[in-house]
Amino acid sequence: MTPNREDYLKLILELGGDTQKVNNKQIVSGLDVSPASVSEMLTKLVKEDLVKHTPYQGVQLTEKGLRSASSLVRKHRLWEVFLVEKLHYTFNDVHEEAEVLEHVTSDNLANRSDAFLDYPTFCPHGGKIPLFHEDLHEVKRKTLIEYPVGTRIKISRVIDEKDLLDYLVSLDLSMQEEFTITEIAPYEGPVTLENQHKKIVLGYKAASTIFVEKI
């Protein structure tokens with residue numbers, strides 16, 4: 001399987017495609033590619049029985065697709081833990097390195113890395129790390145845009161995409177931080193978060209790929 005196909009499967013899984021439909025708009029945002037490119041790739045993935053498509057709703061991983069995506073995500077997230085904990089990479093610099101390494105990592109190497117790292121359960125971006133041959137089912141959380149103004153939330157997971165991670169670092173937004181949603185502008189406008197120490201204004205696109213816990 002080509003790295004490009006694997007990246008699509010991985011993103012669909014990160015967006016909840018193991019149990020629900022993921023629409024083209026979400027994939028366009030997550031991969032920063034054109035709608036036409038997404039449609040073309042999804043057609044190929046359907047033909048290869050890696051995803052199933054429901055008109056006007058989106059795509060969901062098949063059993064075959066979930067197995068492939070889970071294996072890839074596991075390798076990616078183990079590399080991220082290694083790079084942060086052992087080589088002292090920053091939160092937003094690990095993704096591109098892990099993106100390269102995941103595609104050339106054997107199951108044996110992944111298993112040895114898992115043991116060396118003492119079997120981590122989550123990556124630096126809050127994503128769950130599945131066991132070997134285990135299908136990944138993320139902890140189910142809503143995205144930031146699914147909660148109304150006045151809700152207190154904690155940042156729990158972000159989509160593993162370089163531009164998004166750089167953007168969050170530029171805003172000084174960190175994992176596990178707690179905020180209150182103080183404003184949501186209409187027509188897919190920015191989302192404003194505040195706590196005792198700072199105020200952060202997030203673009204709608206970014207807010208739609210940040211998973212939070214209500215507190």
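Biologist: Which helix holds Leu109?
Modeller: The model is predicted. Helix H6 covers residues 107-116. The place of Leu109 is in H6.

Biologist: Is Leu109 buried, partly exposed or exposed?
Modeller: Buried requires under 20% relative accessible area, and exposed requires over 50%. The relative accessible area of Leu109 is 36%, so Leu109 counts as partly exposed.

Biologist: What separates the C-alpha atoms of Leu109 and Lys75?
Modeller: Leu109 and Lys75 are 34 residues apart along the chain. Their C-alpha atoms are separated by 9.0 Å.

Biologist: Within what arc do the buried residues of H6 fall, seen down its axis?
Modeller: In H6, Ala110, Ser113 and Asp114 are buried. They line one face of the helix, because seen down the axis of H6 the buried residues fall within an arc of 105°.

Biologist: Which helix do the buried residues of H6 pack against?
Modeller: The face of H6 turned away from its buried side carries the exposed residues Arg112 and Phe116. The buried residues of H6, for their part, pack against helix H4 (63-85).

Biologist: What is the relative accessibility of His133?
Modeller: His133 is found in the loop between H6 and S3, and its phi is near 65°, a positive value in a residue other than glycine. Most residues other than glycine have a negative phi. His133 counts as exposed, with a relative accessibility of 68%.

Biologist: How many helices and strands does the protein chain have, and what is its radius of gyration?
Modeller: The secondary structure comes to 8 helices and 8 strands. The globule rule gives 17 Å for 215 residues, and the chain is close to that value, so it is as compact as a globular protein of that length. Its radius of gyration is 17 Å.

Biologist: What share of the 215 residues is buried?
Modeller: The protein chain exposes about 10900 Å², of which carbon and sulfur atoms supply 52%. Of the 215 residues, the buried share is 47%.

Notes:
Residues numbered from 1 in each chain as written. Predicted model: local features only at pLDDT ≥ 70, side-chain atom pairs only at ≥ 80, totals over all residues. Heavy atoms only, no water. Helix = DSSP H or I, 4+ residues; strand = E, 2+ residues; numbered from the N terminus. Rg over C-alpha atoms; globule rule 2.2 N^0.38 Å. Buried < 20%, exposed > 50% of the residue type's maximum accessible area, 1.4 Å probe, protein only. Areas by Shrake-Rupley, 256 points an atom, 1.4 Å probe, with all protein chains shown as cover. Arc of directions from axis to C-beta. Contact = heavy atoms within 4.5 Å.
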